[in-house]
Each structure stands twice: as C-alpha cells, then as structure tokens.
Amino acid sequence: GHAGWVSSVAFSPDGGLLASVSDDRTVWLWDVQTRRPIHIFTGHLGWINSVAFSPDGNLLATGSEDQTVRLWDVRARTPLHTFGGHNGRVSSVAFSPDGRMLASGSDDKTVRLWDVPARKLVYTFEGHTAWVSSVAFNPTGTLMASGSDDKTIRLWDVQAGGQVYTFEGHGGWVNSIAFSPAGKMIASGSDDKTIRLWDVLARKLVYTF
C-alpha cells in the first residue's frame, strides 16, 4: 500500500495492530489478524523515519524529515499534537515505560525529552557531535540511551536531565540501540559491521558480535 520506502514498523502492546511509516509521508495502521489496513494518518511534510506505540496502545508517535514529532490518537484515528523545536530530521522516537515521556533523536545532534500529557519540552540533551540515530528507555524509565553517527552511545539521566556516561568503541556510525529486558545491558548495531553488548552498571564493553 505504501508508495515509498518503509522506514519503521511497530506492533501495538497487545499485538493486534501494526503501524508502518514511509517516505511517502504516511502512517498506516494495520489489523494483524485480517492483514488489512485500518487507517492512514497524513500530515507530515517530509519522510517519516520512526514510529512507536505508547505502552497502553492508545497513542502513536512519529518522527519525520520535517523536523517534527507528531502524536496520533489510535482509537479516534485523529492527530493529537505536533512537537516542534528540532533543527534537523527526527530519526528516532521512543515512549518511556509509563508513557508519560517521549524521547526523540535528531540530525541536530540533540535528544529531546517531551512531556506527553502536558505537551511540552522537558529537556534537551546535548553532547553528541553528529546525528542521533536511535533512542531507547531502560525498563524503569530512569535512564535513556542514544546512539549516534559520532560512533558513541550516550546514557542520560531522565530525572536529573544530565549525561551519565559515554560508551565508546565502535568504528562506525551507531544506527540502532536496545536495552535488555532487565535493563542491565545495551546492544548497539553499527556501520562497522559489529553488534556490541555493553554493561550499563559496570560501564564497560561485554562482548563484540
């Protein structure tokens, strides 16, 4: 159904819905059981790079080349809010485990933390020296990690609003990061053709795949 590259997909928490975004500037909502589209959200003015469901499945967040993060109401099938402020492409979005915060990473080298209920910016995390390609929360929502084209993974304190640590070792852009279910490890994938596993508490590299 999409008329362009599909850049990101996400399942709803109950697994019944699938969201997909594309450089055709649309967000498609699919019924997993029937394999059919339910709704198409439109409004972004540029390619859409990332999509995420809120933990309760009621909201979708998307990040786009138009430098915005948008919120969509899944049940009402309507746009809710547009977060503006980034000065570059928004490449990654992620909800906190409680759904109250939304993180976005951008080509402007920043990670921004948004208050979802209040619809406002909480923090702008600065420190990366190149594009931010991926963001992720730990399971408790106290920490957030970001991967960047500066070859690093940075760890941020969500409550205090500061940087905790910088993991270094990749020889290429860091394109994707993920916390382990227990939150003790971070996995990172890079243009250097490796996947690296980092110990969050010990602040060290555990293994290179």
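Biologist: What makes Ile195, Val206, Tyr207 and Phe209 a nonpolar surface patch?

Modeller: The four residues make a patch of about 410 Å². Patches take residues with over 30% relative accessible area and no salt bridge, joining nonpolar side chains (Val, Leu, Ile, Met, Phe, Trp, Tyr) within 5 Å and like charges within 9 Å. A salt bridge is a side-chain nitrogen of Lys or Arg within 4 Å of a carboxyl oxygen of Asp or Glu. Areas come from the Shrake-Rupley method with a 1.4 Å probe, and for residues only the protein chains shown count as cover. This is a predicted model, in which local features need pLDDT of at least 70 and side-chain atom pairs pLDDT 80 or more, while totals for chains, interfaces and linings use all residues. Residues are numbered from 1 along each chain as its sequence is written, and side-chain values use heavy atoms, without hydrogens and water.

Biologist: Why is Phe209 called exposed?

Modeller: Exposed means over 50% relative accessible area, buried under 20%, and partly exposed in between. Phe209 has 55%, so Phe209 is exposed. Phe209 sits in the segment after strand S20 (204–208).

Biologist: How do you know that S19 and S20 pair?

Modeller: Two strands pair if DSSP finds at least two bridges between them. Strands are DSSP runs of E with at least two residues, and helices are runs of H or I with at least four, numbered from the N terminus. Strand S19 (residues 195–199) is joined to S20 by 4 bridges, so the two strands pair, and they run antiparallel. In S20, Lys204 is the bridge partner of Asp199. S19 and S20 form a hairpin with 4 residues between them, and Arg203 in the turn has a positive phi of about 60 degrees.

Biologist: Why is Ser91 called buried?

Modeller: Ser91 has a relative accessible area of 11%, which is under 20%, so Ser91 is buried. Ser91 belongs to strand S9.

Biologist: What makes Ser91 and Val132 a polar contact?

Modeller: A polar contact is a pair of N or O atoms within 3.5 Å; within protein, one must be able to donate a hydrogen and the other to accept it, and residues adjacent in sequence count only if both atoms are side-chain atoms. A polar atom of the Ser91 side chain lies 2.4 Å from the backbone oxygen of Val132.

Terms used: Buried means under 20% relative accessible area, exposed over 50%, partly exposed in between (1.4 Å probe, protein chains only).
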